[in-house]
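Here is a briefing on a two-chain complex. Look over the sequence and the structure first, then read the points by topic.

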Amino acid sequence: MKVKVISRSTDEFTRERSQDLQRVFRNFDPNLRKQEKAVEYVRALNAAKLDKVFARPFIGAMDGHMDSISCMAKNPNYLKGIFSGSMDGDIRLWDIASRRTVCQFPGHQGAVRGLTASTDGRILVSCGTDCTVRLWNVPVATISDSDDSSDNSMKPLAVHVWKNAFWGVDHQWDGNLFATAGAQLDIWDHNRSQPVNTFQWGNDSVISVRFNPGEPDVLAASASDRSLILYDLRMSSPARKLIMRTKTNSISWNPMEPMNFTAANEDCNCYSYDARKLDEAKCVHKDHVSAVMDIDYSPTGREFVTGSYDRTVRIFQYNGGHSREIYHTKRMQRVFCVKFTCDASYVISGSDDTNLRLWKAKASEQLGVLLPRERKKHEYHEAVKNRYKHLPEVKRIVRHRHLPKPIFKAAALRRTMTEAERRKEEKRKAHSAPGSISTEPLRKRRIIQEVE
Amino acid sequence: MAEKKRKSKEESGGGRLQKKRKNSKPKTLKKRTGPRLPSKLRKELDLVNPNPLDGGGDEEIDSDEGELLANNLYEYEEAAPEEESKKNRRFDSVENFEYELPEDFKDENIASDDDDIEGEDEENNRSENSSQLGDEVEEEDDGRHMRMLQGITGMPSEAFEGKKRKNNVVVSEAYPESEYNPSRDVLEGNGRISIQDLLDPLHGKSGYSKLRKRMHQVERKSMSVHAPLPKADREKLERKVAYEQSKKDITKWEPLVKKNREAPTVYFDEDVDLGFSTVGAIASEFEPRTDFEKKIASLVHDDKVLEAHRKMISVEDVEERHNRIAKMRSLLFHHEMKAKRIKKIKSKTYHRLLKKDRLKTASAEIQMDPEAAKELAMKQEFKRAEERLTLKHKNSSKWAKRILKRGLDVQDEGTRAAISEQLHQHALLTRKMHSMKDSSSDESSDEDDFDENSAGSDEDGASKLLAKAKKKTLEVLEEEDKIPDSGVLSLPFMVRGLKKRKEAAYEEGKLAINEFDASLKQMELGSGAENLKETASSGRRVFGTVKKQVQEFSNKDAHYNNSDSEDEFKVKENIEAANDQNNNLPKHVDIDAGLLREESEIGQDPIFKSFDDIVRDPGPKTTYEVAMFASGSWKKMKSENEANGNIIKPPSKSVVPPRHNQDQGEVGGDSDTDDEGQMVDGTLSSGMKATYELPSQAELIRRAFAGDDVEEDFEKGKEEILKGENPEPEKPVLLPGWGQWTHVQQKKGLPSWMLEEHEIAKKKREEALKKRKDAHLKHVIVSEKLDKKAEKLHTKTLPFPYTSKEVFEQSIRMPIGPEFNPAVVLGALNRPEVVKKAGVIIKPIKYKDVNPHERVEEHGQGGKKQNTKKSKGVGGKTIKKTNNLK
């Protein structure tokens, strides 16, 4: 006769230290817990609510410029550094952690319109409306200089005067070249005083340019004739032009998907394109209520941040039609430039009110070192929330944002307008011969032509 | 193609030319440009400047020329552009663009034409010279004529230019087309000079063959420079090529991007370089800077010091090692000594005990693992076989023979004992062994049984076995009397439980013994006799209930005779079929086996005891039972019997069908026929038809539910539900005191607005009812009640990435919380889509080859590979500092 007896080994049940947690054994038999779905739903709801409670995205403003900020550049090799240029020709290097100016780069006579740093973070390139391109040595960041914010100003490494005013500049990834946008697109070398290559396609000035970080010889530019132009440096020739109904203010390539880029358009939307199929946008990102001024991809390639003339910063999923987050403050004016930091956890915006603002990329993220259990808990909350995000209650809480009145009203107005348009279209379709009127999707509607 | 043309031209000569001219005519006519002039004017023009294309001028055009005009458009373009001609001042003066063609540019179609011209240029040189004069004259003429035309029509000169330019082209490039051209005859006739003609005189001279070869070469691959494309077109082409190229190049990323997109999690924190990870690593990086440090370093790294250090360490090490080895040696030595001592022991008791021990362990081993048991069995088998062969122990030895010769009685006790011992040994070895637990096959055991039984009669064997079984049962019963007096089993409640069970077992055992006795007796009485009467009676006894049921069925049939009854009969038929099969089974069962089989059955069901059954029993099962008996596992079986009381169920089941068969035989008044069931059916139905009218299905149902009005109930219920879901509007009532003092309301009745409202509400309700899903379904209620609380837990539509409801439900079926999942899988379940670390710079994607057909790798590897290298310089120190930014 055998009798089974509960036996527990002492090793498994003695704690090494008195602070240790008691080991808990669980029976995972699903028959024992039948309420798991309900429990998790409630948890998801609570997680969503907690997210709202802890959503404090604004970390601080960086104040120092005397005029509105026109452009920014991040140091690809140094997390804490960010450069900003303002309309009065002032360029500053900021220490994000202390939110203070590290040094200034004086010299520009007019507005600084473009800033970029080389991949190794040693050289800063700036250009502006004074028709000059300036190269600067970036001071090596040490522990000491982040403490005393001496207003040490730098001398330019080189100044290249050129024929036309510049609208933007971008540096090649892992290379020596940078491109400026002006009356035409110029490709420069660090060591040359003249552009090594010049592209002109049409007579309209180029207003923004961005290199593809994954494919360093490919770049995209937008021109004031509402066009988007792709260039290939290997062929030293422009490749394709796409003309849209409205102007594109800025472009950003997806750093993890070298074929895709997103264009920030005047018509309040962003358009994600596949560089290989320009006849239609892959995704239209709607939500802004005024022109989108700047766009920057997160280094993870999963989301991007946009700054708009409607005084808001929004964060979109790379494949989402609507924004996941909107940031605004009472004092923030028109946003002219936005950047994601290199570790994908912060967003910096530069606006008309002469301030740079530092935001968290995830509004309710807990900063600082997390204990493993804490981290697990956060992960669980996130997972549960993600699982039940389709249920109405959770969805409502997650989606809800408090908007400034003008933006709310403008959004409502836009909605009614688009709705009216849609209805009209529908009616027209209903009252005409079947097949005679075909509605183009929004992805195609804003494209006029693809020029070879 | 051009060459062919040319050759054919040369061959066919003038006859062909005629044809060509005809062909070229419509083409040239089409080419006419310029404004349409009034016919009068045109006539005038024709007079002044006889058009070579019209009527008379026809013959003036050389056939080649016509072809040229038709095909060679660039010639047309190369003419001086209007702006250059400065005939009117509408164009600014622009620098002339020089076209250059890319080197690898080729177009053979055009080339051929060009070639034609080139080839013929030479031969036409002469004629050109001669026509020079005429040309000039004509040009002058044209100028004057143009001015005149301008004066008349008031049109700009370009209007007339088209035609003229053509003329110009012709004049400058190819052949004169003036009718005054003296070389016309030469051209028209057969007197064309070809290269062949020029070459012929050189025939036979030195270098002729070379020249000819060269000519052939030139003819064969004629290269010509083409006119460059306009800049816009060229650039367009370039861009197109560039785009195609970059498109192709960028496509290489596709698999990688796809993989990353499909990966459940992307990792960006893999290349975290936190600098030094261990103290040793930090120490190894240390470099002395100050004097003091240098001094210390020099001391530390001094050879002598190092040597000393090394030595010190080695002494320790060596000592330790020495100790260890010494310990091992001493252990070995002690073990050896012990073994020696044991080996020397002569004590028989000791060795006996040792042997016993060994046997015990061996037996334990046998019990423990079947492998050892098998081996042992094999060994024994071998021994037995040997014994059977040699008969070693059967008093066949010299010694044994001698002793037997002398007589056993004479021998002393020891010898007798030895002899008997030997005989016993022989008996043991030659005896049939059933102790082998895994009897190799049923057949062999069967054979063994036969062997054993062949000594006596069948009955004898059976009785023997029965006796044995009885004995064993008794043994078991006795055995169980021992009560454990320690441990958990000695606890009072356990004891009680055991007792109870034991009693039950005892009862059962007793019953079994009784049965054994009975069967033994029966066997004695006359085992072989087959008493059919008894069989029948037993069958009736056993299946009395079943029979009753069947009768009941038939009764029902008599009442209703619906499809149910048919079903019943079908079942019966099925059973019969099964029975037949059973009966057809090979029955090589002899009586004793059947008996055994029965006895085993008796243990649980003593009532079922009939010889008939035994006979019907299929063979294999009996053998199985026998094997059980023979192997001595009876005890085990018994215990099993106790445990679930029903272990021999399958055989008893198999016994059932034949009895059923009998039963049916009774019912049908027939026995042991295949189609008895059908016959039953037939008789029943025929009986029915004679007496009974077949009621319809509806009738039957109506009859069945005669008492209760279901439909009414349902309708009422539906109405109630409708009222609940779409409540009826309240009837307007007079409010007490309202308007009464004037008696107005009493006179007027209800105010009209109230009535109106009521009407509207009623209409609304009716509409709502009409819209209901069950409005037209008389027998259905589709509830449209919304549970607001439940609605919260449902999505209105299927969420985007999912294509079916099932998939979506599956995706949220399993919980992911720590309470419901073990910690091992929790991480994987809750992992976010992007794993990154604050303060780690994420570099853009780097290209690497990805096999698109490969499955997504496991976690931890599926993420994006980052560039692990951190560039030196500025970044060198930033690595550590990145952690500050939190």
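This is a predicted model: local features need pLDDT of at least 70, side-chain atom pairs count only at pLDDT 80 or more; totals for chains, interfaces and linings use all residues.

Residues are numbered from 1 along each chain as its sequence is written, chains are lettered from A and ligands numbered from 1 in the order in which they are written, and side-chain values use heavy atoms, with hydrogens and water left out.

**Confidence**

- The predictor assigns the complex an ipTM of 0.92 and a pTM of 0.53.
- Chain A has a mean pLDDT of 92, with 98% of its residues at 70 or more; pLDDT is the predictor's confidence in each residue, from 0 to 100.
- Within chain A, the element with the lowest mean pLDDT is strand 9 (residues 152–153), at 73. Strand 25 (residues 313–317) of chain A has the highest, at 97.
- Helices (H or I, at least four residues) and strands (E, at least two) are DSSP runs, numbered from the N terminus.
- Chain B has a mean pLDDT of 66, and 49% of its residues reach 70 or more.
- Among the elements of chain B, helix 13 (residues 254–262) has the highest mean pLDDT, 93. Helix 40 (residues 874–881) of chain B has the lowest, 36.
- Residues 163–173 of chain B stay under 50 in pLDDT, and the model gives them 22 contacts beyond four places in sequence. A contact means heavy atoms within 4.5 Å.
- Residues 435–457 of chain B are also below 50, with 14 contacts in the model beyond near neighbours in sequence.

**Interface between chain A and chain B**

- Chain A brings 73 residues to the contact and chain B brings 70 residues.
- The two chains bury about 6,500 Å² between them, 64% of it on carbon and sulfur atoms. Buried area is the accessible area (1.4 Å probe) that two parts lose on being put together, summed over both.
- Five salt bridges link chain A and chain B (a side-chain nitrogen of Lys or Arg within 4 Å of a carboxyl oxygen of Asp or Glu).
- A:Glu257 pairs with B:Arg261 in a salt bridge, with the closest N and O atoms 2.7 Å apart.
- On the chain A side, at least two residues each come from helix 2 (36–54), strand 17 (227–232), strand 18 (237–244), helix 3 (372–387) and helix 4 (392–399).

**Chain A overall**

- Chain A has six helices and 30 strands.
- Of its 452 residues, 53% are buried (under 20% relative accessible area; exposed is over 50%, partly exposed in between; 1.4 Å probe, protein chains only).
- Take the contacts in chain A between residues at least 6 apart in sequence: 50% join residues at least 24 apart.

**Two residues of chain A**

- A:Ser222 sits in strand 16 (residues 218–223) of chain A. A:Ser222 is buried, at 0% relative accessible area.
- The side chain of A:Ser222 makes a polar contact with that of A:Ser208 (2.7 Å). A polar contact is a pair of N or O atoms within 3.5 Å; within protein, one must be able to donate a hydrogen and the other to accept it, and residues adjacent in sequence count only if both atoms are side-chain atoms.
- A:Thr306 lies in strand 24 (residues 303–308) of chain A. A:Thr306 is buried, with a relative accessible area of 0%.
- The side chains of A:Thr306 and A:His288 are in polar contact (2.6 Å).
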